[in-house]
Amino acid sequence: MSINSVLATDQLPVVVIGAGPVGLAAAAHLLERGIEPLVLEAGPSAGSAVRDWAHVRLFSPWSEITDPAAEKLLAPTGWTRPDGSACPTGGDWAERYLQPLADVLGDRVRYGATVAGVARAGRDRIVDSGRDEQPFTVRVLPADGREERISARAVIDASGTWSTPGPMGADGLPALGEKSATGRISYRVPDLGDPAVRARYAGKRTAVVGSGASAFTALACLADLAEDEPGTHAVWILRRGITGSTFGGGEADELPARGALGLRAKAAVEAGHASAATGFRTQAVERDGDRLVLVDEDGRRLDPVDEVIVLTGLRPDLSFLSEIRLGLDDRLQAPTALAPLIDPNVHSCGTVYPHGVNELSHPEQGLYLVGMKSYGRAPTFLAMTGYEQVRSITAALAGDHEAAERVELTLPETGVCGGAGLFEEQENAEQAAGGCCSAPSTLQTGIDTPATSPGGC
């Protein structure tokens, strides 16, 4: 490639996929480095995915969910960060921070722009010759349906995992009959402030499948509904038994709102508003008139339920990256070097060991997965991590490799050991041995701090 071609490529924008918290932070950091960003958002506004859970309160406070470069960009508009100690709802986050940030970025953010593919210009994934010298080509489907191709010097994929929730089946596939029963199955925490949603669950028997913060939230909300609506009951479907760590860190959690959420779920069970079906690995969903019956892999059948809420985690959509050479862990679908540091089979403490732009790189130079998507199927991401990720990546794109590899990260610990993927006997053995919570919470890293998981009704 000629010098003129290299210079021409350097003049191209960095395409950022997704106008969520981490994608917009990436744009702010790029501008701070003098690099032009172009943010492509499939939805109609900033934080479209966040707005889908606008009713849910985060368990991280404002001080941990705004990015420093973004705040500098917002400052001339008169914007000030809300009370740093308060935990906002998803709606607050979108309206009071994400949308103002996108507005400042102006036409650098394009809405209704769905990315259908990313590749190297003139090279499919097989071709080696001249590959790294070619710009990226990003295929976009605008809202008007006309296809468009955008050239980019680099691509930062911050599209998240919200669009691909996990299924009910314990083997990672949809349970038999799950797809045909979608009218009575939801994959989101219900907004019981919506009269139509409230009527859907009031006085009904609802199965809640999952064991994380979202499941805690659903159980707590349904318990609140049961106080006002007789006959409302939740059946909590757990693939493992109930242990000391089932309800999270409780009062030992350094994120108090997260600990309180687990305690609310525990209170729902103790008050009789929810019952637990433990050791239940769903294999099939059968009809019983207008109700559903869940069947586990050993043939055990639960009493019929009216509704099912499936909260079994989220997955990255990799379909539009099929012509890109990715280096992903074969279990988590996270970057190969990052996966061992966040593997829920090993720990769920919230401690993240040092990692940076090098751990987030792929065989395809100039392509990065960031934010929730970088964690693949791991559930332990916080917003601060994503902000540090894009700070490091943009430093590397600007040629400041010292800054890219130098960052100090402090993360709150959960006070709970044992990964979500462990069986009960493994958990008990780990806890007896002292678990993993002795790791330091202040870490030297090259980037990263997780995008906040939602919690609370």
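The second largest pocket is lined by 20 residues, among which Arg 120, Asp 132, Arg 153, Gln 365 and Gly 366 lie nearest its centre. Helix H1 (3-10) and strand S15 are the elements that give two or more residues to this lining. The largest share, three residues, comes from H1. By class, the lining has eight nonpolar, six polar and six charged residues. The pocket holds about 380 Å³ of space. A pocket is here an open set of points on a 1 Å grid over the protein atoms alone, with protein on both sides within 12 Å along at least five of seven lines; lining residues have an atom within 4 Å of a point. The volume is the space filled by probe spheres set on the points, which are joined across faces, edges and corners. Ala, Val, Leu, Ile, Met, Phe, Trp, Tyr, Cys and Pro count as nonpolar, Asp, Glu, Lys and Arg as charged, and the others, Gly among them, as polar.

The model is predicted: local features need pLDDT of at least 70, side-chain atom pairs count only at pLDDT 80 or more, and totals for chains, interfaces and linings use all residues. Residues are numbered from 1 along each chain as its sequence is written, and side-chain values use heavy atoms, with hydrogens and water left out.

The protein chain has 13 helices and 17 strands. These are DSSP runs numbered from the N terminus (helices, H or I, at least four residues; strands, E, at least two). Of the 457 residues, 53% are buried. Buried means under 20% relative accessible area, exposed over 50%, and partly exposed in between (1.4 Å probe, protein chains only). Among contacts with a separation of 6 or more, 73% join residues 24 or more positions apart. A contact requires heavy atoms within 4.5 Å.

Five strands form an open, parallel sheet in the order S3-S2-S1-S7-S15. Strands S3 (109-110) and S15 (367-369) stand at the edges with a single partner strand each, so one side of each lacks a neighbour in the sheet. Pairing requires at least two bridges found by DSSP. Strand S2 (residues 37-40) is joined to S3 by two bridges. Val 39 stands opposite Val 109 in S3. Helix H11 (residues 383-397) lies across strands S1 (14-17), S7 (154-157) and S15, at about 180 degrees to S7. Angles run from 0 to 180 degrees between N-to-C directions, with axes fitted to C-alpha atoms, for helices over the stretch in contact.

Leu 105 lies in helix H5 (residues 90-105). At 1% relative accessibility, Leu 105 is buried. Beyond its neighbours within four places in sequence, Leu 105 is in contact with Leu 24, Ala 27, Leu 31 and Leu 73. The C-alpha atoms of Leu 105 and Val 39 are separated by 9.2 Å, although the two residues are 66 residues apart along the chain.

Strand S10 (residues 233-237) has five of its five residues buried, so the strand is largely enclosed by the rest of the structure. His 233, Val 235 and Ile 237 are buried on one side, and Ala 234 and Trp 236 on the other. Five bridges join S10 to strand S9 (residues 205-209) in parallel. Thr 206 stands opposite Ala 234. In strand S4 (residues 113-120), six of eight residues are buried. S4 pairs with strand S5 (residues 136-142) in the antiparallel sense over seven bridges.

Gln 333 has a positive phi, near 60 degrees. Gln 333 sits in the loop between strand S14 (307-310) and helix H9 (339-342). Its relative accessible area is 21%, which makes Gln 333 partly exposed.

Conventions:
1 Å grid on protein atoms, 1.4 Å probe; cavity = no way out; pocket = protein on both sides within 12 Å on 5 of 7 lines; lining within 4 Å.
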